[in-house]
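Hello,

Here is the structure I promised to pass on to you. Have a look at it first, and then read on for my notes on what turned up.

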Amino acid sequence: MTEQQLPAWADPSVSAADLDPQGVSRRQLLRRAGLFGAAFAAGSLATPAAASTQGFGGNDPRLAYLVGDHHVHSVYSHDAKYTFSQLAQASAKYGLDWMVFNEHSNFGHAQYGAKLEHEEILKARAANPRQLIFQGLEWYIPGAEHCTIFAAPGRHEVDLLTKFELAYDGKLLGYTAGGPTHPDTPRNEAHAVKAIKWLAAQRRSGYVDDVLVFANHPMRLGIDSPHEMRNWRDAAPEIMIGMEGAPGAQGGAIPGWRGPTSIRGEYENKPSADSWPGYPTDAYVTYGGFDWMTATVGGMWDAMLSEGKLFTITTNSDVHRVVFDTWKNGDWLPGQNFDNTGRLPDPVNTTEPQPGGDFWPGQFSRTHVGVTRHGYRAVMSGLRAGRVWLDHGHLLDGLDVRLKRDCDHGRGVTLGGRLRVRKGEKLTLNVTVTTTSRPNPHGILPELAHVDVIRGAVRGPAADRDTWRAPDAKVVHTADVSGREGTYTLRIPLTAGDESFYVRLRGSDGNRHGAGYLGASVDPHGPIPHEPGNGDPWADTWFYSNPVFVEVAGHR
């Protein structure tokens, strides 16, 4: 088949606009439910963000949720091992609607791998038309950790990523120092900001239809300082839109598997010379499988939200080597290596379990994104708007969150949205839960035990850009939902006070919890670390949602 004969989803000259026809209505979208995976089959519906310029209240259209993973590695990453076919089959098995191949940057990838990978992605799109398959890059941020970068499909998607990799990657440039006293740190931090602004310029110019950035495993090494994260976000908030709320590698601490020191997420590090010194040492582990920045009520994520700026969280597999898998990397031919091929040899099945700490995409970690139609741009728009919730272990089948004024008749606004109110107005937070209807991939039927509402004041830009505290954020309501099944709605009353605020949701299976990191008065039953080597992820599962913002008229 020639390139001219390829179907639209496999043609490299076709843009995301061509792949996402504007004429597809929500009715058509839901009519096609059988085509688009678990999200539509479950009928999970919610509502998108309303602009605060539309007056008081708000009423959003309905959504369906697509399930995805923005952190997937294949043979085009130097430290992974799976083929595109293996990953596509696994993600389809576990109900993913979209995923991003974000291979590690290095010279072999930039010179050879990215283009070869792109050819495989075109084939994968053709072979798997029900899945939305993005090409991305795992960027080594100058002076900091990693980010996922991915572009909408189009004639320039691979060129954008390759140009970016060669011009801005910290590992390729040798811009790795990030310690507070290192002489290269100011240059490296500035280059990271310049990189994000460059991506935003490519989107504005129309060189690519869209591009997004997420910070990956931000507390794994403690080298993403609070001011760096704020600088990245503020450089282009429409591009740098969030971070991994929970890292991949969730299977590493299964008892008896990797070893007695293993932690979920492979968060097994201590502070180094490049770490930001303001982080406590116990921030370097996961809490209920979630990054300390997200899991700490009143912590770094809340500190960013308290500025009134959306910062989306995700979860993902970061798949390199799956637990209990029997495949190993194939052998190189004489003279070959990653630097001169950009690709690992195909894996070989050994019949014996191989080392690994990951799950397949969608097997354990899921990011749910609200859309009004099926398509690449729709997923990217949903992520940018913050219409996102996430779960581990398939804890929920569906979540619908709507906040409205009691005096309004509409549905209100949902995750990532903004509701305008007057001081003293009565509000209702409607949380519709659809419980899990079938066993998860581990054979367990998960049961949600509680739903927590977390509220934090919005005070505007932080005076100290290195603060990681939001002192006004706390759990304000907990609903015990043990034993409830099917679909039900919690109606939680709220009152608008003198200042703007946000609310976000969290809940768990109730198996492992205790006083939150900042104390029981802030978080009476939050996630806690597990003992090293004894962190069965299936026995400690949580869901988190993005916030809904409430703007009180007259408050600045």
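Leu419 has Val550 of strand S21 as its bridge partner. That pair belongs to the parallel pairing of strand S14 (residues 418-421) with S21, which is held by four bridges. Please keep in mind throughout that this is a predicted model. S21 itself covers residues 548-552, and four of its five residues are buried. S21 also pairs with strand S19 (residues 501-508), this time in the antiparallel sense and over three bridges. In that pairing, Val503 sits opposite Val548 of S21.

The protein chain contains 13 helices and 21 strands. It has 556 residues, of which 61% count as buried. If you take contacts between residues at least 6 apart in sequence, 79% of them join residues at least 24 apart.

Next, strand S12 (residues 388-392), where five of the five residues are buried. Val388, Leu390 and His392 point to one side of S12, while Trp389 and Asp391 point to the other. In general, side chains in a regular strand alternate between the two faces of the sheet.

Strand S15 (residues 426-435) and S18 run antiparallel and are joined by nine bridges.

Now to the helices. How do H5 and H6 cross? The axes of helix H5 (residues 107-127) and helix H6 (residues 157-168) come within 10 Å and cross at roughly 155°. An angle over 145 degrees counts as roughly antiparallel, and H5 and H6 are therefore roughly antiparallel to each other. The crossing of H5 past H6 is right-handed. On the H5 side, the contact is made by His109, Ala110, Gln111, Ala114, Lys115, His118 and Arg125, and on the H6 side by Glu157, Val158, Thr162, Glu165 and Leu166. Sorted by class, this contact has four nonpolar, four polar and four charged residues.

Asn106 is in the loop between strand S3 (98-104) and H5. Is Asn106 buried or exposed? Its relative accessibility is 9%, and buried means under 20%, so Asn106 counts as buried. Setting aside residues up to four places away in sequence, Asn106 touches His78, Glu165, Lys171, Leu172 and Phe338. Glu165 is also one of the H6 residues in the contact with H5.

Eight of the 10 residues of H9 are buried: Pro226, His227, Glu228, Met229, Arg230, Trp232, Arg233 and Ala235. These buried residues pack against helix H8 (185-205), strand S6 (211-216), S7, helix H10 (292-295) and helix H11 (300-305).

Ile239 lies in the loop between H9 (226-235) and strand S7 (240-244). Ile239 is buried, with a relative accessible area of 0%. What does Ile239 contact, leaving aside its neighbours within four places in sequence? The list is Leu199, Ala200, Arg203, Val211, Leu212, Val213 and Arg384. For Ala200 there is a distance as well: the C-alpha atoms of Ile239 and Ala200 are separated by 6.2 Å, although the two residues are 39 apart along the chain.

Happy to go through any of this with you.

Best wishes

Conventions:
Residues are numbered from 1 along each chain as its sequence is written. This is a predicted model: local features need pLDDT of at least 70, side-chain atom pairs count only at pLDDT 80 or more; totals for chains, interfaces and linings use all residues. Side-chain values use heavy atoms; hydrogens and water are left out. Buried means under 20% relative accessible area, exposed over 50%, partly exposed in between (1.4 Å probe, protein chains only). Helices (H or I, at least four residues) and strands (E, at least two) are DSSP runs, numbered from the N terminus. Two strands pair if DSSP finds at least two bridges between them. Axes are lines fitted to C-alpha atoms, for helices over the stretch in contact, and angles run from 0 to 180 degrees between N-to-C directions. Angles under 35 degrees count as roughly parallel, over 145 as roughly antiparallel, 65 to 115 as roughly perpendicular and the rest as oblique. A crossing is left-handed if the near helix is turned anticlockwise from the far one by less than a right angle, and right-handed if clockwise. Contact means heavy atoms within 4.5 Å. Ala, Val, Leu, Ile, Met, Phe, Trp, Tyr, Cys and Pro count as nonpolar, Asp, Glu, Lys and Arg as charged, and the others, Gly among them, as polar.
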